[in-house]
Structure formats: structure tokens, C-alpha cells
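We will go stop by stop, selecting a few residues each time.

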Amino acid sequence: MEDYHISKGKHFYTIGLSYKKADAEIRGHFSLTEESKQRLLEQAKEEGIDGILVTSTCNRTEIYGFAQHPFQLIKLLCEHTHGTVEEFEKVAYVFKNKQAISHIFKVGTGLDSQILGDFEIISQLKVAFIRSKKLGLVNAFLERLVNAVIQASKRIKNETEISSGATSVSFASVQYILKHIENISEKNILLFGTGKIGRNTCENLVKHTRNNHITLINRTKDKAEKIAGKFNLIVKDYADLQAEIRNSDILIVATGAHNPTISKELIYPKKELLILDLSIPKNVSDDVHELENVKLIHLDHLSQMTDETLERRRQFIPQAKEIIAEVENDFNKWLETRKFAPTIKALKKKLKMMKDAELDFQRKKISDFNDEQAEIVSNRIIQKIMKHFANHLKEDSQTTDESLELIQKVFHLEEVTK
């Protein structure tokens, strides 16, 4: 990427891990809170990195950025999470330059999502972009790249049906309940945690179970009350959690904490209870499995649920790939123009100097010299010359390097473009 005059970093990298090779526990080790993302970016800036994006969801944690070596980015990730370099190396991936570009297109358009066509990641990318831009960590390349990925995502949503039908972790959890619990409308359901996944799950519960016995608990009670008001549900204090678990037939945990929020001690062992843990890292302690009457299901299991909706979505993968290829190709063409941008800029400057010198000479020779007309004519000639050079460089990418070298030699631009 050093030929493209974009960044101090030599290459553009994607480093990260996802559900494909890293289980929920390992993904939890590398998950980033909002605060740790901010600290990571601030450290990146101190270390001289000038273009970087950071995303962390329940299914993946990734850093996109410019660096001399990918270890600069891996080190940043490990320093701001509980993960180690050794763990990272076992399950991670590192993509460089064009491969890294292709990867962000796949991720941002839902083709690499655990549930095909889940476009939640594009909003995460937008948030990551805004966060980095506020810190001055977005260069022209990242701005153009993120906008291109957003464009591809929009086109796939509008031109294909890859995201049609209701399929998400929250929907899958409700589908699981409907399949495995009889007389669901009569069961007591407790939803602990009302973040984004919690809200979506609540909506799906109300819509598909027709259950009037849904209780919400959140550490911050007013957040739960806002959702409860919308659906006319019950809200209990966080202090009532153990008592409410005892009264429940189904417990859905979507707290998003970095340590387990539900322990074995909180659960009444003599009553049957289904627990769905929709959190990364896991928010229900593993020792809960020891309780005979409790069935614990984690979101990794829910995400593997395949149904007709997902089968139907797969039909649109080739169409989505065509759209990605088209938008990615346009981005790469723009990237190629970056290669010769300094030469074109230097050539324009040189032609302007030649023009100014010639107009000065003619001004002294011609008594009624018309400055205004001379400027208009000469600027138009320069513009036409520049257009010819730019078009040649764009169209003949096979000989771009040779053409740049020739232009630099003919117009003595070697020093200017170094």
C-alpha cells in the first residue's frame, strides 16, 4: 500500500477472530467494551497509527488498520482484552491489502455473518468509523472503503432477498422456545438484560408467544421500564433477581457483561428451568450445567439452527457476490488512481509554473496584453492536457509504473514526487 500514498503504515491489514474458529469462551476473551475500544484507539494514535477501525460483536472482534506489521494491531488487541497472543494465533486470521479489502466487504454485507444476511454488522462498522473519525484516525482510504461497503450493503438489501424473513439470534431463541416448550403462553418468562439483543428478543417474545407473563429486569431499571411500557410488561428491581428466577420457567440472559451474571447459587434446583444465554462472553456460569432440572442453551447453539428462511437466503448469495464484485472493483479502480495522484499533482504544478512564466514574458512584449483571456485559455489547455494524462494512466494499468516514470523524467518531476 506504500505505492498508494495513503498512510504512514506500509500495508492495510484485517486482524481478528470470529465464530468460525473461535468458540464463545475464546471470543469472550477478545471482546472489547466501549471503554476499551476507546483506549485502544487512543493508544493506536499515540503509537503513530493514522488509519484504524475497531469492531467487537458477539460473533467477531476485528481491527482494520494500517501498520508496518500486523503484530502492531495484534498487540493492541491483546493489551486491551483478556486474550493472549498465543490464544489469538490458534484461532485468528490476518488479511493484507487486497485480501483485507475483500474481507471487509464480505463482513459488512452479511455474507460472513453467523446467520446469513444478518446486517447488524454494518451498523457496527458505521459506529466504529464515527468513533475513529472523532480521534482523527480515519484517512481518505478508510473513508472511501467504509462508504463503498455501506453502498454494497444497501444494494444487496434492496436488490436481493438475502435478508428477507425474520432470522436473528433473538428470533432463533424464540423459535427454540416455541419448538421445545409446550403451552408457552402459560409459562413465566424472565428476560434479564434489555440491551439491543434483549429488546429484539422481547419484541419477538411478545409477537410469537402471546404470553402475558413476561417480566423484565435490568441493572438500570428505567431502561427496562421504557421497553415494558411499549409492550405492557412487568418490570422488577435488580434486587429481586433471585426471587424472579425461582418463579420462572424460562430465563433469557442478554446482559452483555464481561463476567457471568447468573451463577449456580441464584437458581432454585428443584424446579425445571430453561436458560437461554444470548451473551458474549457467556453470562451464565458453566457450573449451572450441574443442576439436573436446568437446561442451559448458549447463542452458539441457537445460531446453528437452520430453517427454511436460511435455505431460501442462500439462493441469493451469487447475486450478492456480483454486487460486491462490482462495488469492490470500483473501489480498487479509485485506489489505483491514488498511485499516480502525486505525479499528476506535481505535473499540474509544473505546467502552471510554465504557464505563469510564459504569460509574464508575453506581458512584457505585448502592450495591450489581455491577462484575463490569456489565463482562461491557458488554464483550459492545462486542464485538457491533465485529463489526457489521467485517462491514459487509468485505462492502461499494465504500464502505469512505466508511464509515471516517463512523465517524471520528461517534466523533471522526480524530486517533487519522492
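Start with Glu-375. This glutamate is partly exposed, because its relative accessible area is 29%, a value between the 20% limit for buried and the 50% limit for exposed. Keep in mind that the model is a predicted one. Glu-375 sits in helix α15, residues 371-395. Now show its neighbours. Leaving aside residues up to four places away in sequence, Glu-375 touches Lys-355 and Leu-359.

Next, jump to Ala-224. Between Glu-375 and Ala-224 there are 68 Å in space, C-alpha to C-alpha, and the two are 151 residues apart in sequence.

**Helix α10**

Select residues 221-231, which form helix α10. Which residues of α10 are buried? Colour Ala-224, Ile-227, Ala-228 and Phe-231: these are buried. They lie on the same side of α10, because they cover an arc of only 100° around the axis. Step just past the end of α10 to Asn-232. Its phi is positive, about 60°.

**Arg-210**

Go back to the loop between α9 and β6 and select Arg-210. Here, too, phi is positive, near 55°, in a residue other than glycine. Is Arg-210 buried or exposed? Its relative accessibility is 72%, so Arg-210 counts as exposed.

**Helices α6 and α7**

Select residues 120-134 for α6 and residues 140-159 for α7. Two packed helices are described by the angle between their axes and the distance between the axes. For α6 and α7, the angle is about 160° and the axes are 11 Å apart. The two helices are therefore roughly antiparallel to each other, as angles over 145 degrees count that way. The crossing is left-handed. Show side chains next. From α6, pick Ile-122, Leu-125, Lys-126, Phe-129 and Lys-133. From α7, pick Leu-142, Glu-143, Val-146, Val-149, Ile-150, Ser-153 and Lys-157. These residues make the contact, and they divide into seven nonpolar, one polar and four charged.

**Helices α2 and α6**

Select Glu-34, Lys-37, Gln-38 and Leu-41 in α2; they meet Gln-124, Arg-131 and Ser-132 in α6. The residues of this contact divide into one nonpolar, three polar and three charged.

**Two last stops**

Select Ile-280 and Pro-281. A cis peptide bond joins them, with omega at about -5°. Pro-281 belongs to the loop between β9 (273-277) and β10 (294-298).

Finish at His-412, in the segment after α16 (400-410). His-412 is not a glycine, yet its phi is positive, about 55°. The relative accessibility is 60%, so His-412 counts as exposed.

Notes: Residues are numbered from 1 along each chain as its sequence is written. This is a predicted model: local features need pLDDT of at least 70, side-chain atom pairs count only at pLDDT 80 or more; totals for chains, interfaces and linings use all residues. Side-chain values use heavy atoms; hydrogens and water are left out. Axes are lines fitted to C-alpha atoms, for helices over the stretch in contact, and angles run from 0 to 180 degrees between N-to-C directions. Helices (H or I, at least four residues) and strands (E, at least two) are DSSP runs, numbered from the N terminus. Contact means heavy atoms within 4.5 Å. Ala, Val, Leu, Ile, Met, Phe, Trp, Tyr, Cys and Pro count as nonpolar, Asp, Glu, Lys and Arg as charged, and the others, Gly among them, as polar. Buried means under 20% relative accessible area, exposed over 50%, partly exposed in between (1.4 Å probe, protein chains only). The arc is that of the directions from the helix axis to the C-beta atoms. Angles under 35 degrees count as roughly parallel, over 145 as roughly antiparallel, 65 to 115 as roughly perpendicular and the rest as oblique. A crossing is left-handed if the near helix is turned anticlockwise from the far one by less than a right angle, and right-handed if clockwise.
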